[in-house]
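Me: Please examine the model shown here and answer some questions on its aromatic pairs and helix packing.

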Amino acid sequence: MAQARARDRSARRESVFGERFAVFAECLLTGVWIAVACLGVVTYPAAFAAGARHLRRRTTHRVSGLREFVVDFRAAVRGGWVVGLAGWAAVGAVRVDVLAARSGLPGGPLVGAVGILALIGLAVALLRAAALWTPDSTWRLLLADAGRRTVLDPAGSFLVVCGLAVVTLSALFVAPLAVPVLGAVAGAAVAVEERHRRR
């Protein structure tokens, strides 16, 4: 009897481990899908939104695959391309700030640092908005709410920043590794939003 209970406990531990490993593997696969969907340059918000929605379905044991990802991506890209364009404009503005800071202008280093921090904050807000995207939501409202959560939930925002740092470091060490890790960033944003919802 005791041996049977020990076997049951062991099987449960293996299934929990197996389930968590399956979620991790799904994140990596989703990262590949996100990377391919980002090839449109301004489509990265829609790609992350579709990836996050796919991961939300998978973690709640609903059927989801590439077909559902593509349907979500098409729906998200309708308004998401404008957000993607605005994001690239923000990157350009921060690049000008950093170049001005390096040129030796008075107060330049402070302006450059503020610009970089603002860009990181925008990236976190975008990921948090994408984590909650649904086909009937609007990007404007999602981003406004995500901006508030980014400020009011600094611990969650820090976790998303850590995910972005992992992607950056992966790209610096082994560039192809950054592709599947994009899914882990989407998964981190989904987990942060779920954590915030339960608080």
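Me: Is Trp 33 buried or exposed?

Reply: This is a predicted model, in which local features need pLDDT of at least 70, side-chain atom pairs count only at pLDDT 80 or more, and totals for chains, interfaces and linings use all residues. Residues are numbered from 1 along each chain as its sequence is written, and side-chain values use heavy atoms, without hydrogens and water. Buried means under 20% relative accessible area, exposed over 50% and partly exposed in between (1.4 Å probe, protein chains only). Trp 33 has 14% relative accessibility and therefore counts as buried.

Me: Which class of aromatic pair do Tyr 44 and Trp 88 form?

Reply: Rings of Phe, Tyr and Trp (its six-membered ring) pair if their centres lie within 6.5 Å; planes under 30 degrees apart count as stacked, over 60 as edge-to-face and the rest as tilted. The ring centres of Tyr 44 and Trp 88 are 6.0 Å apart, and their planes stand at 80°, so the pair is edge-to-face.

Me: How are α4 and α6 oriented to each other?

Reply: The axes, lines fitted to C-alpha atoms over the stretch in contact with angles from 0 to 180 degrees between N-to-C directions, belong to DSSP runs (H or I, at least four residues), numbered from the N terminus. Those of helix α4 (residues 108-131) and helix α6 (residues 154-173) come within 10 Å and cross at roughly 100°. Angles under 35 degrees count as roughly parallel, over 145 as roughly antiparallel, 65 to 115 as roughly perpendicular and the rest as oblique. The helices α4 and α6 are therefore roughly perpendicular.

Me: Which residues of α6 make the contact with α4?

Reply: Contact means heavy atoms within 4.5 Å. On α4, the contact is made by Ile 120, Ala 123, Val 124, Leu 127 and Arg 128. On α6, it is made by Gly 156, Ser 157, Val 160, Val 161 and Leu 164.

Note on methods
Helix = DSSP H or I, 4+ residues; strand = E, 2+ residues; numbered from the N terminus.
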